[in-house]
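Trainee: I've got a structure open and I'd like to learn how to read it. Can we go through it together?

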Amino acid sequence: MEKVKTCARCKKTMPLSKFNKAKSEKYGVKCYCKKCQALYQYEWRKKNQDKVKNYKEKDKKRDKGYVRKRPILFKSDTHKECATCGAIHPRRMFQKVKDYERIHCISCYSKKRRLYHRAYLKKNKNL
Ligand SMILES: [Zn+2]
Ligand SMILES: [Zn+2]
């Protein structure tokens, strides 16, 4: 006679062939039938997916927070350190936009703009 086992989930008694093998278990099979096991794994994965997603989002937030942290730049009433070239220029070398003063000096900023502009043109050519 074929050995049977009751599934711990759906409570149906089925032959052992309906269960996935598991060496660590008493009967050499899992306590859930194949169908329940698949369902269980699916649900578990679904739950876990949210967890993984949350972790990822937390990581993203942490990364953003890290990126937002700017290097400590030298700053005085008359001079300021450029975030790009690292040189200390007079404050007039930093363009002011509304109440915000750029962290890059005029020459670095225009260089950046040129590069950006070039990349933009290149991109548009390819379109
Ligand atoms: Zn079952
Ligand atoms: Zn600069």
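Mentor: Let's begin with contacts. Looking at contacts with a separation of 6 or more in the chain, residues 24 or more positions apart account for 13% of them. Bear in mind that this is a predicted model.

Trainee: Okay. What does the secondary structure of the chain come to?

Mentor: You'll find two helices and eight strands. Read from the N terminus on, the elements go β-β-β-β-α-β-β-β-β-α.

Trainee: And what share of the 127 residues do buried residues make up?

Mentor: They make up 8% of the chain. To call a residue buried or exposed, you count the other C-beta atoms within 10 Å of its own: 20 or more is buried, 12 or fewer is exposed.

Trainee: Let me try that on Cys82. Is Cys82 buried or exposed?

Mentor: Cys82 has 21 other C-beta atoms within 10 Å, so it is buried. You'll find Cys82 in the loop between strand S5 (79-81) and strand S6 (88-90).

Trainee: Which residues is Cys82 in contact with, leaving aside its neighbours within four places in sequence?

Mentor: Here's the list: Ala87, His89, His104, Cys105 and Cys108.

Trainee: Now the start of the chain. Where is the place of Glu2?

Mentor: Glu2 sits in the segment before strand S1 (4-6). Because Glu2 has 7 C-beta neighbours inside 10 Å, it counts as exposed.

Trainee: Got it. What about backbone angles, say phi of Lys11: what value is it near?

Mentor: Phi of Lys11 is near 65 degrees, which is a positive value in a residue other than glycine. On the chain, Lys11 belongs to the loop between S1 and strand S2 (13-15). Its count is 8 other C-beta atoms within 10 Å, so Lys11 is exposed.

Trainee: And what is phi of Lys98 near?

Mentor: Lys98 has a phi near 55 degrees, again a positive value in a residue other than glycine. Look for Lys98 in the loop between strand S7 (96-97) and strand S8 (100-101).

Trainee: Why does Lys98 count as exposed?

Mentor: Because Lys98 has 5 C-beta neighbours inside 10 Å, and the cut-off for exposed is 12 or fewer.

Definitions and conventions:
Residues are numbered from 1 along each chain as its sequence is written. Chains are lettered from A and ligands numbered from 1 in the order in which they are written. This is a predicted model: local features need pLDDT of at least 70, side-chain atom pairs count only at pLDDT 80 or more; totals for chains, interfaces and linings use all residues. Helices (H or I, at least four residues) and strands (E, at least two) are DSSP runs, numbered from the N terminus. Two residues are in contact if their C-beta atoms, placed from the backbone, lie within 7 Å.
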